[in-house]
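Subject: Structure handover

Hello,

Here is the structure I said I would pass on. Please open it first, then read the notes below it.

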Amino acid sequence: MKIVIIGGTGLIGSKTVARLSVKGHDVLAASPSGGVNTFTGEGLDMALAGAEVVIDLANSPSFEDKAVLEFFETAGKNLLAAEKVAGVKHHIALSIVGAERLPRSGYLRAKMAQEKLIRESGIPYTIVHSTQFFEFLGGIAQSATVGDTASVSSAYFQPIASDDVADVMADVALSQPINGVMEIGGPEPFRMNELVARFLQLANDPRKVIGHPHALYFGTALDDRSLVPGAGARIGSTSFEDWFDHAPPRRSGVAA
Ligand SMILES: NC(=O)c1ccc[n+]([C@@H]2O[C@H](COP(=O)([O-])OP(=O)(O)OC[C@H]3O[C@@H](n4cnc5c(N)ncnc54)[C@H](OP(=O)(O)O)[C@@H]3O)[C@@H](O)[C@H]2O)c1
């Protein structure tokens, strides 16, 4: 089966490509560096020819409110239109647990706009809502830092290893569309400030972390339920310690 992975060179994309390729599928890792660009439409028709499944794992190069909305809306429209022409049978996207509860965040508003286009496209789909990746802890710290101090929300979240996310994306690609949302999360809830502080300490980063219930997370306040998945979520097996010890972590920089 031909499976196109948009953003197939990214963190989750490259791991998903690897999992589906070893099963013998015809997997195309599509991204701008390989001449396929969902924002401009470049290379899309050729990439999608003969594809049965498309997994969209692209991310916006900019997180600025207007730019990120424009990215997910334009890329979503271009991709779904090309999928209709190609007769794609299952569109899969990766979004974020709690996105629908946090409209004050420009990034999460953009993810909801992406989801709306998918729901209205008429193409059978599955939307996976994941919690934050452990690999994103550096990005959370970075976005909250002024000088040598990071002011981080003290709300609960339940982060997950990117390997566990990629396992799910590969399983979903080989399953029937659910025309709805499924949730995935990590094995353990943490207070965000506490895990960010632990992560920085293990990474020998000297920044100080201050936890505050009203500290903003990418433009929005959180409560203890905002980013935590519901009871039916699929739970990844990798603990924070296992991830930190064994994965080649991306330990700094902003990326979501
Ligand atoms: N970080 C988190 O905690 C988190 C949690 C839940 C869900 N998510 C979602 O997970 C998804 C994947 O995140 P990630 O961290 O794996 O991303 P990433 O590592 O930043 O990779 C981004 C990918 O998008 C591609 N891309 C950028 N612009 C593109 C365009 N115009 N057309 C096609 N592809 C384009 C890049 O291609 P090049 O390599 O060619 O530039 C790259 O392959 C995102 O949609 C994000 O919203 C993230």
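Helices (H or I, at least four residues) and strands (E, at least two) are DSSP runs, numbered from the N terminus. Buried means under 20% relative accessible area, exposed means over 50%, and partly exposed is in between, with a 1.4 Å probe and protein chains only. Contact, the term behind "cover" and "touches", means heavy atoms within 4.5 Å.

Some notes on the origin of the values. The model is predicted, so local features need pLDDT of at least 70 and side-chain atom pairs count only at pLDDT 80 or more, while totals for chains, interfaces and linings use all residues. Residues are numbered from 1 along each chain as its sequence is written, and side-chain values use heavy atoms, with hydrogens and water left out.

Now the protein as a whole. Its secondary structure comes to 8 helices and 12 strands. The radius of gyration is 18 Å, close to the 18 Å that the globule rule gives for 256 residues, so the protein is as compact as a globular protein of that length. That radius is taken over C-alpha atoms, and the rule is 2.2 Å times the number of residues to the power 0.38. Along its principal axes, the C-alpha trace spans about 50 × 35 × 35 Å. Of the 256 residues, 51% are buried. Among contacts between residues at least 6 apart in sequence, 82% join residues at least 24 apart.

The protein exposes about 11,300 Å², and carbon and sulfur atoms supply 53% of that area. Accessible areas come from the Shrake-Rupley method with a 1.4 Å probe; for residues, only the protein chains shown count as cover. There are 22 positive and 28 negative side chains, and the centres of the two sets lie 3 Å apart. Lys and Arg count as positive and Asp and Glu as negative, with His and the chain ends not counted.

There is also a database entry. An unreviewed UniProt entry places the feature "domain: NAD(P)-binding" at residues 8-173. Over residues 8-173 the chain is 43% helix and 19% strand, and the end C-alpha atoms are 14 Å apart.

Next, single residues. Which residues does V54 touch, not counting residues up to four places away in sequence? They are V4, I6, L48, L79, E83, V88, H90, H91 and I92. V54 is found in strand β3, which covers residues 53-56, and V54 counts as buried because its relative accessibility is 0%. One of the residues it touches is L79; L79 is 25 residues from V54 along the chain, and their C-alpha atoms are separated by 9.3 Å.

Several residues sit in the loop between β11 (208-212) and β12 (234-235). P213 lies in this loop and counts as partly exposed at 48% relative accessibility. P213 touches S154 and L222, not counting residues up to four places away in sequence. P213 and G10 are 203 residues apart in sequence and 32 Å apart in space, C-alpha to C-alpha. L216 is in the loop too, and L216 is exposed, with a relative accessible area of 53%. From L216 to V152 there are 64 residues in sequence and 7.3 Å in space, C-alpha to C-alpha. A231 also lies in the loop and counts as exposed at 89% relative accessibility.

Last, the backbone angle phi. Most residues other than glycine have a negative phi. F218, in the loop between β11 and β12, has a positive phi near 45°. F218 is partly exposed, with 22% relative accessibility. N204 has a positive phi of about 55° although it is not a glycine. N204 is found in the loop between α7 (192-202) and β11, and N204 is exposed, with a relative accessible area of 69%.

Regards

Key. Charge placed at Lys NZ, Arg CZ, Asp CG, Glu CD. UniProt positions renumbered as here; feature names shortened; annotations may be inferred.
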